Amino acid sequence: MENAGIKIFAGSSGIAFARKICDYLEVELGRSETITFSEGNTFVRIGETVRDKDVYLVQSIGLNPNNEFVEILFWVDAFKRASAHSVTVIMPYFSYAKGDKKDEPRVSIRARVCAESIELAGADRIVAMDLHSHQIQGFFKKPVDHLFALPVLCEVIMRMRLDDFVVVSPDAGFAKQARKYANYLGTTMAIGDKTRKDHKERAEIMDIIGDVQGKTAVIVDDFSLTGGSIVELSKCLVERGAKRIMACLSHAVLNEAAVRKIEASAIERLIVTDSVENPHLAHSAKIQCISVAPLFGEAIRRIHRKESVSPLFERVPSKVVACSTDAFPID
């Protein structure tokens with residue numbers, strides 16, 4: 001097989017995602033196990049030889065970030081002690097990327113601490129998607145391949161055949177990325193004027209900059225925890241005359257209350273990726289999940305064959321699009 005030399009293993013939060021990657025690459029998932037002891041300690045064990053192998057470890061830091069992060073450190077250490085030639089951490093979602101700056105006194109820059117810890121454990125490369133800010137790549141001394149859900153999500157939006165739609169960024173901070181969505185889709189954009197006063201995960205939308213009157217609004221954002229921003233934005237868009245509301249998230253870190261909030265909102269459909277394994281999404285009729293595992297699979301294939309990964313940042317091969325969107329309902 002073309003990809004026979006690729007060795008993919010999964011941490012406890014990456015098993016389903018890793019299996020999809022393996023399906024795309026037509027390789028078997030490596031044997032391993034994670035045990036959590038009664039007092040909370042985590043134990044990891046590799047079930048096959050990895051000596052002189054290039055290993056790819058799949059693990060998101062998502063709904064259980066502290067345990068998932070520590071587990072990554074243990075896995076990387078285990079692979080290095082088992083004489084793996086290289087260890088690439090495939091991290092579809094990096095929760096601590098939100099802690100990317102010291103914007104108030106006496107706080108930690110958490111993303112930098114995590115980056116340094118992963119490297120000290122022995123990681124040789126990191127592959128992530130839609131980091132909260134691009135500069136987080138600079139926290140790592142090792143190579144970082146920063147993928148984007150944008151091409152896959154845009155292909156899904158185009159399959160929906162929406163009439164007269166506008167891309168909407170929830171705030172100025174995401175406006176640059178939202179413009180890339182608008183350019184890809186060949187449409188205009190608008191921006192929400194959002195303010196957040198504290199760390200209580202409550203945002204207030206003050207105004208909408210741009211024309212949404214009589215249009216279908218497609219909200220785009222990197223992640224949501226409580227659903228507050230996109231739900232409040234949807235209310236404001238309705239007030240400004242938008243006729244329909246759709247939304248897309250790269251990472252769905254939504255809790256059960258957030259799902260209920262979205263179900264009761266003006267949002268008709270929320271499209272998310274499977275970068276985080278989230279059982280709460282199964283209870284929603286509005287939230288629909290597409291897989292970005294083929295995108296990561298293609299990145300792994302290119303890394304392993306020493307090919308450029310950068311073409312995937314803006315456009316993805318038709319095989320990736322097909323594997324990600326063929327099962328997606330259009331109606």
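D130 is found in the loop between β6 (125–129) and β7 (144–147). The phi angle of D130 is near 45°, a positive value in a residue other than glycine.

Before going further, a word on how to read the values. This is a predicted model, in which local features need pLDDT of at least 70 and side-chain atom pairs count only at pLDDT 80 or more, while totals for chains, interfaces and linings use all residues. Residues are numbered from 1 along each chain as its sequence is written, and side-chain values use heavy atoms, with hydrogens and water left out.

**The protein as a whole**

The protein has 9 helices and 14 strands. Its radius of gyration is 20 Å, close to the 20 Å that the globule rule gives for 331 residues, so the protein is as compact as a globular protein of that length. That radius is taken over C-alpha atoms, and the rule is 2.2 Å times the number of residues to the power 0.38. Taken along the principal axes, the C-alpha atoms fill a box of roughly 60 × 50 × 35 Å.

Of the 331 residues, 55% count as buried. The protein exposes about 15200 Å², and carbon and sulfur atoms supply 48% of that area. Accessible areas come from the Shrake-Rupley method with a 1.4 Å probe; for residues, only the protein chains shown count as cover.

As for charge, the mean positions of the 43 positive and 44 negative charges are 2 Å apart. Lys and Arg count as positive and Asp and Glu as negative, whereas His and the chain ends are not counted; each charge is placed at NZ of Lys, CZ of Arg, CG of Asp or CD of Glu.

**A serine and its surroundings**

I46 sits in strand β3 and is buried, with a relative accessible area of 18%. Beyond its neighbours within four places in sequence, I46 is in contact with F9, R31, S32, W75, A78, F79 and A82. One of these partners, A82, is 36 residues away from I46 in sequence.

S83 belongs to the loop between α2 and β5 (86–91). Is S83 buried or partly exposed? The relative accessible area of S83 is 27%, so this residue is partly exposed. Phi of S83 is near 70°, again a positive value in a residue other than glycine.

**Distances across the model**

| Pair | Separation in sequence | C-alpha to C-alpha distance |
|---|---|---|
| S38 and L185 | 147 residues | 51 Å |
| V321 and K20 | 301 residues | 14 Å |
| I46 and A82 | 36 residues | 8.6 Å |
| S133 and L185 | 52 residues | 23 Å |

S38 lies in the loop between β2 (32–36) and β3 (42–46); at 84% relative accessibility, S38 counts as exposed. V321 lies in helix α9 (residues 318–325) and counts as buried at 15% relative accessibility. S133, like D130, is found in the loop between β6 and β7, and at 11% relative accessibility S133 counts as buried.

Notes
Helix = DSSP H or I, 4+ residues; strand = E, 2+ residues; numbered from the N terminus. Buried < 20%, exposed > 50% of the residue type's maximum accessible area, 1.4 Å probe, protein only. Contact = heavy atoms within 4.5 Å.
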